[in-house]
Amino acid sequence: MKYRIRMISSTHYDTSAPLGSHVLRVRPRTSANQRVNAFAVEIEPPPAEIAEGMDFFGIATQTFAIEKPHETFVFRVTAEVETNASPPAADTPSPAWEDVRRQAWADADGTTASPAHFLFPSRIVSLDDAITEYAAHSFPPGRAILAALGDLMRRIHADFVYDVDATDVTTTPVAAFAARRGVCQDFAQVMIAGLRGLGLPAAYVSGFLRTTPPPGKPRLEGADAMHAWVSAWCGPELGWIDFDPTNAMLPGDSHITIGAGRDYADVAPEIGVIVTYGKQALEVAVDVSPLD
Amino acid sequence: MTYVADPMASILSGYAPIEGVYDELVDATGRVRAHWRPFINALEHLGLQELAHRADGVARRLRESGVYYRAYDRDADQAWPLSATPVLISADDWRVIEAGVVQRAQLMEATLRDVYGPRTLVSNGDIPAAIVTGSPDFLRPMSGKPPVDNRYLYFYAVDLGRAPDGRWWVLNDRTQAPSGAGYALGNRIALARTLPETMHDLDVQRLAGFFQAFRAMLTGRSAPDSAGVCLLTPGPYNETYYEHAYLARYLGFLLVEGEDLAVRNGAVFLRTVAGLKKIDMLLRRLDADFADPLELNPGSQLGAPGLAHAARAGTVSFANALGSGLVESRALMSFWPRLAQRLLGEDLLLPNIATWWCGDDAARDVVRARLDDLAIAPAFTTERGGLFHWGATRTAELSPQDRAALLARMERRGGDFVGQELVTLSSSPVMTSQGFEPRPFQLRVFAAATEDGWVVMPGGFCRVSSRSDPLAINIQRGGMSADAWVLADGPLVYRSLLPAANTVEIRRAVGALTTRTAENMFWLGRYLERADACLRLVRALATRAGERDPEAVAVTDRLCALMETWGAIAEGDAEERSAGEAAAEAMQATDMFGAPPVLVRRALHAASAIRDMLSPDAWRMIKGLDRQLFEPMDGTVAETLDRAERALRELAAFSGYAHENMTRSTGWAILDIGRRVERGLAVTRYTAHFGLGDAGPSALDALLELGDSQITYARRYFVTASPAAVADLLIFDEDNPRSCAFQAEHLRALLDQLPESAHSDAANVLRRSVVLLEATMASRSPGDVDIAFTDELDAAFLHVATSFSALYLADHADTP
């Protein structure tokens, strides 16, 4: 599938900010089954210079400073992306989850993709006994990892209410779990907390979803905003497999990936440090339409 | 069994070593060890009584040295209790420790270079990847870009304990931002004053040379045209802030906070009143994760955005490098023997505590089998994620529920835990009311990198347990500190931190003044002067308490009204509150923004942020004033008056001190600008309330009293006060240090002393504000002072203050 992605984010400050430093993580990644044909970012007020970079987890970054007083900060992203990702077949054989756990802890890779980066609590995802016990029901001894992961994903989808007003970007998985509601970020982070509590490596994926479904298919939750899902390591043969607990599906060519990190803090589309007093108001709009 | 240590040493009678513990003082046969004998003889010579007498002074001497300790749960400053007797370390022992610490520092450095660089230790299978990735101090943004000269560590500390077999063991490594060297120095200075002759006779190795070498290393890596080496602190709320301020003063480094730093085009700058100055070397006492909200902890307000990028770009060095905390992990303890072989080709000279990382199945089985003999601890530097709330715990002491929970967690996530052999520490004598008693201790030793390799501080910081339980795990809470005296076995070469006379460069202004320091200086001046102005109102009110004469009552009503306007007392009905009650209320108010206690507390906050700029005496004065104003009071008129007068005397003492003892630096000028503005405002407002129009003798008397000008007036006029004559004295007389004209003249002179600013627009506004102030004053004669005039004058003083702030204290988005 080919898509055109348009995203606009504007932040309004109550009082003028004399300067701001920002990092964006909004460029879809290039991988074996995803290609970026065009990409552009526009920023207002325009910074003197934008430094393009790549972070530890291989996510493209744009770093810049706005060095004049401003009350509104806007960035617009346009991209054309082609994806032919497809989930593994339902009958794909997979190792017992305990074997995967042992291999992850003994991993001697240490590069970016190593499962060892994704075993531990992170800034937003702490480990929680209640979430771990919840997840454990999907992981009886010896169960194949793909089956267990699919089961946990479907349980979260069934037990949690999708509710855009219940949480915000700072909500912890512990709070979202207690409320049994939230948005894609919360669904993903609860699943990640549960997997890591069991000693399994799990990553947080940031990306986009196509806005209008193909004919005859239901509209997916989270399609008018940025989306997030889970990637779980399933042993050295299968590697990383994605799971979308918000929609109870294995992502295919409706999902466009920006990149994966340990939680939202690693992949936040924008991190900014500004000097201002008073409140900020943020508005984000996303549109992902199929091309031709 | 009680040992009689030495027949001649009666001061040791009753000294009984702890069973199964190595005692530093006496050997297994009960004899005093050879290297302690001269010391014990010296104490014997002094006598217990004299020693006890001197010990009483230790706390005071420690306070004088300026190293304080702030416990997180208290607002008060606490002196770290210091033992009056040191721990003596023989020259033979020291050689072992010194060589072992140097080796370990090299090992830590080599490990950091590999883990942040080529990662061969992981890919060769020497350590599992999870040992690295599990550490919260593995800072991924720093991976793959080595720091300047590929050097990670400049300063290293290690905690040692001596086992029953007499060997020294490593308990912990400290590489993040090791603390304690300043305390060790403070302890040494305090103890040197307690036992001066003893220390001299014993050939105790001195510490100054170590600090000199460390300073030379850092200053040698800072370009001459930069702002110099800066010590980056998290600020006054950090528990070791006083050590930061103390070390900064001792080493001659500028103490800075994240707010003082700006990153422009990948380089770090200091924000000073004279503009941006480049920084190339930061001695870091701020935990690395907090250094950069943009790339590291986004919740941090202690760092500066862009620091991580600057470190990668190589424009600045951090001592220690961002991410160095990684090698503090307990999980690494089990791998050090192997890593020493792999990286240095050597065996460890100092063994570390036997440790099993439970992320490895075989090691976990060992730990499970020996659970009750071991301590269980978090594998990485900090506890995280609520998974583990016990800290290091003796497994045998866990409740059955916690034990079951621990085993369940170890099953799922073994890699979060290590098992460690329980360590029995050695003991050293501490003086108690019952004479000398053995107490277990651990020794922190410090090492500094120099261009010629690592040097070890010949001394250390001992943490001494308050109980006789020798298990290292139990020493964490409570206790006291002790100095460590390393004995030389040859003649000592004395070195002081002061450079030799012929190498001293004459420098007049020391360092640059940061914008933040300037702001605190400015507000310190303003708050103190404002407190002074308000205390004068309180005093005037209290002396008029009980007056019935209508004219006097009119004066007290006005005093009350002015205090209400200033926010010193709540607004209320004058009928309901007597003059005495209002005065007492102001002295007791802790929630009114204009009341004296609140103003002094704010001055104290400003002062505490610039501790390194103030002498211990100046600090003590402000601290004492604050303490006095927050003591409980009954609220009688006599007490109110007494307290206000005492506070005014102390403020006058501080002014005198600042005037006589502070160098006329930019900082001093800014403190004085704050005071001059506030004094101008106070006198203007006094005049507006008591000196206008048909003011009678009582009001004019009050005004002269508030303006501290009765005596001058009486000597000049010999007659009853007249409004015009009083106005002349308080507003126009340039010779009266309380007059508005005097303040204006000084403001102009002080502003001329400040560095020129690149912000020409704001500089023009400030210049014009002083001209406007002088013009306002010139526009009237003493005979026609009215409310319109005092309003203008009031606005003119305020305009100077806001223009000053806009030019020197504001956040300019400028580039160097």
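# Two chains in a predicted model

The place to begin is where the two chains touch: chain A puts 30 residues into the contact and chain B puts in 28. On the chain A side, the elements that give two or more residues are strand 2, residues 20-24, and strand 13, residues 270-274. That side of chain A consists of 17 nonpolar, seven polar and six charged residues. Please keep in mind that this is a predicted model.

I'll stay with strand 2 of chain A for a moment. How many of its residues are buried? Five of its five residues are, so strand 2 of chain A is mostly covered by the rule that a residue is buried if 20 or more other C-beta atoms lie within 10 Å of its own. A:G20, A:H22 and A:L24 point one way, while A:S21 and A:V23 point the other way.

Strand 2 of chain A has two partners to mention. Five bridges tie strand 2 of chain A to strand 5, residues 60-66, and the two run antiparallel. Within that pairing, A:V23 is opposite A:T63. Five bridges also join strand 2 of chain A to strand 13 of chain A, again antiparallel. There, A:H22 has A:G272 as its bridge partner.

Elsewhere in chain A, consider A:D186, which sits in helix 5, residues 184-197. Is A:D186 buried or exposed? With 30 other C-beta atoms within 10 Å, A:D186 is buried. Setting aside residues up to four places away in sequence, A:D186 touches A:T167, A:T171, A:P173 and A:A176. A:H227 is 41 residues from A:D186 along the chain, and their C-alpha atoms are separated by 11 Å.

Now to chain B. Chain B contains 27 helices and 21 strands. Its C-alpha atoms fill a box of roughly 95 × 65 × 65 Å along the principal axes. Of the 816 residues in chain B, 52% are buried. Among contacts in chain B with a separation of 6 or more, 72% are between residues 24 or more positions apart.

One helix pair in chain B is worth a look. Helix 21, residues 666-690, packs with helix 27, residues 787-809, at an angle of about 165°, and their axes are 9 Å apart. How do helix 21 and helix 27 of chain B run relative to each other? Angles over 145 degrees count as roughly antiparallel, and helix 21 and helix 27 of chain B are therefore roughly antiparallel. The crossing of helix 21 past helix 27 in chain B is left-handed. Residues that meet there include B:I673, B:V677 and B:L681 from helix 21 of chain B, and B:L793, B:F797 and B:V800 from helix 27 of chain B. By type, the residues of this contact are 10 nonpolar, four polar and two charged.

Chain B also has an open sheet of four strands, ordered 13-16-14-15, with antiparallel pairing. Which strands are at its edges? Strand 13, residues 355-357, and strand 15, residues 393-394, of chain B each pair on one side only. Strand 14, residues 374-378, and strand 16, residues 417-421, of chain B are antiparallel and joined by five bridges. B:P378 is opposite B:F417 in strand 16 of chain B. Helix 13, residues 361-369, of chain B lies across strand 13, strand 14 and strand 16, at about 125° to strand 13 of chain B.

A loop residue next. B:E295 lies between strand 11, residues 281-284, and helix 11, residues 307-313, of chain B. B:E295 is buried, with 26 other C-beta atoms within 10 Å. Beyond its neighbours within four places in sequence, B:E295 contacts B:P141, B:A308 and B:H309.

Last, some backbone exceptions. Most residues other than glycine have a negative phi, and most peptide bonds are trans. In chain A, a cis peptide bond joins A:E44 and A:P45, with omega about -10°. A:P45 is in the loop between strand 3 and strand 4 of chain A. In chain B, a cis peptide bond joins B:A319 and B:N320, with omega about 0°.

For phi, B:N265 has a positive value of about 50° and is not a glycine. B:N265 is partly exposed, with 15 other C-beta atoms within 10 Å. B:D708, also not a glycine, has a positive phi near 55°. B:D708 is in the loop between helix 22 and helix 23 of chain B, and counts as partly exposed with 17 C-beta neighbours inside 10 Å.

Key: Residues are numbered from 1 along each chain as its sequence is written. Chains are lettered from A and ligands numbered from 1 in the order in which they are written. This is a predicted model: local features need pLDDT of at least 70, side-chain atom pairs count only at pLDDT 80 or more; totals for chains, interfaces and linings use all residues. Two residues are in contact if their C-beta atoms, placed from the backbone, lie within 7 Å. Ala, Val, Leu, Ile, Met, Phe, Trp, Tyr, Cys and Pro count as nonpolar, Asp, Glu, Lys and Arg as charged, and the others, Gly among them, as polar. Axes are lines fitted to C-alpha atoms, for helices over the stretch in contact, and angles run from 0 to 180 degrees between N-to-C directions. Angles under 35 degrees count as roughly parallel, over 145 as roughly antiparallel, 65 to 115 as roughly perpendicular and the rest as oblique. A crossing is left-handed if the near helix is turned anticlockwise from the far one by less than a right angle, and right-handed if clockwise. Two strands pair if DSSP finds at least two bridges between them. A residue is buried if 20 or more other C-beta atoms lie within 10 Å of its own, exposed if 12 or fewer, and partly exposed in between; C-beta atoms are placed from the backbone.
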